[in-house]
Amino acid sequence: MFGFFVTMLMVAVALAIIAFCLVGSTVSENQKTLAAAHERLPSLYGDGDYHLYLPGPKILGLSWDKDALIVGDDFATAQQIPFAKIRDVNVEVDGQNTTITKGTIKTQRGSQLAGAAIGGLALGPAGLLVGGLSGGSDLKSKSVEERKITSVRLIIRIADRKTPLVEVALLDSVNGFNSDEAVAKAAHYQALIMGIIEERDGHLGTVMAAAE
């Protein structure tokens, strides 16, 4: 009987080692794929701020050389949307428009989540966050509950009658990325795009004032 248990233990250990090696191999291949894709970016789009993620690799980026938003499921189908056509940008977390500041995700309804992606505590690879307090409340004075974020999307409104909305899924049930990375990237690109819009509108205002 003892020999049987020893054999079973050895089998379990062997299976665990094989699984670990397979996971490590997959991670290594993914890293190679992303590294190769990153090397192609300068020749395709020039200088810019880019985020690549699998599968695809998918791309979200801002090309400073082309003055364009780059977004798509892969390089072959990626759109190049001129900055001049961008009208607005929002972040949706679990289907709700949010305002993201350091350490806090605030929904339009006023609820807040203490966000791991932006300075709070993350629990687990699926992005389990601590949160659930009412807007304007002090984190220390309220009990908190665990909440899993399953969707993070960047919603970009553009001047196009056929496709006025461009949605970028940075976290969903398929790609399985950590919510901290997804929310951080969404906040990063929202800030950059808002800066582009404000700079453009300010320039237009100056030109119009000078023409009067």
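Student: Which residue in β2 stands opposite Y50?
Tutor: This is a predicted model in which residues are numbered from 1 along each chain as its sequence is written, local features need pLDDT of at least 70, and side-chain atom pairs count only at pLDDT 80 or more, while totals for chains, interfaces and linings use all residues. Side-chain values use heavy atoms, with hydrogens and water left out. Strands (DSSP E runs of at least two residues, numbered from the N terminus, as are helices, H or I runs of at least four) pair if DSSP finds at least two bridges between them. β1 and β2 run antiparallel and are joined by six bridges, and the residue opposite Y50 in β2 is G61.

Student: What is the order of the strands in the open sheet of four strands?
Tutor: The pairing in this open sheet is antiparallel.

Student: Which residue in β4 stands opposite I70?
Tutor: β3 and β4 pair in the antiparallel sense, over four bridges. A hairpin of six residues joins β3 to β4. In β4, the residue opposite I70 is Q80.

Student: Which strand gives the most to the lining of the largest pocket?
Tutor: A pocket is defined on a 1 Å grid over the protein atoms alone, as an open set of points for a 1.4 Å probe with protein on both sides within 12 Å along at least five of seven lines; lining residues have an atom within 4 Å of a point. The lining of the largest pocket includes K58, I59, V71, V166 and E167, and β2 (58-63), β3 (68-72) and β13 (165-171) each supply at least two of its residues. With four residues, the strand that gives the most is β13.

Student: How many nonpolar residues are in the lining of the largest pocket?
Tutor: Among the lining residues are Y53, G72, D73, T77, Q79, V168 and A169. Ala, Val, Leu, Ile, Met, Phe, Trp, Tyr, Cys and Pro count as nonpolar, Asp, Glu, Lys and Arg as charged, and the others, Gly among them, as polar. By these classes, three lining residues are polar, three are charged, and the number that are nonpolar is six.

Student: How many of the seven residues of β13 are buried?
Tutor: A residue is buried when its relative accessible area is under 20%, exposed when over 50%, and partly exposed in between (1.4 Å probe, protein chains only). β13 is largely enclosed by the rest of the structure, because the number of its seven residues that are buried is five.

Student: Which residue in β13 stands opposite I156?
Tutor: β12 and β13 run antiparallel, with six bridges joining them. A hairpin also joins β12 to β13, through six residues. Opposite I156, the residue in β13 is V166.

Student: What is the relative accessible area of L41, and is this residue buried or exposed?
Tutor: L41 lies in helix α1 (residues 2-45). Leaving aside neighbours within four places in sequence, L41 is in contact (heavy atoms within 4.5 Å) with G46, Y50, L52, I59 and F75. L41 is buried, at a relative accessible area of 4%.

Student: How far apart in space are L41 and S63, C-alpha to C-alpha?
Tutor: L41 and S63 are separated by 22 residues in sequence. From C-alpha to C-alpha, their distance in space is 9.6 Å.

Student: What is the relative accessibility of S151?
Tutor: S151 belongs to the loop between β11 (145-148) and β12 (152-158). Beyond its neighbours within four places in sequence, S151 is in contact with E92, V93, D94 and L171. S151 counts as buried, because its relative accessibility is 16%.

Student: What is the value of phi in D94?
Tutor: Most residues other than glycine have a negative phi. D94 is found in the loop between β5 (86-93) and β6 (96-101) and is partly exposed, with a relative accessible area of 21%. Although D94 is not a glycine, its phi is positive, at about 55 degrees.

Student: What is the value of phi in D67?
Tutor: D67 is in the loop between β2 and β3. This residue is partly exposed, with a relative accessible area of 45%. D67 is a residue other than glycine, yet its phi is positive, near 50 degrees.

Student: How many residues are in the protein, and what percentage of them is buried?
Tutor: The protein has two helices and 13 strands. Of its 212 residues, the buried share is 34%.
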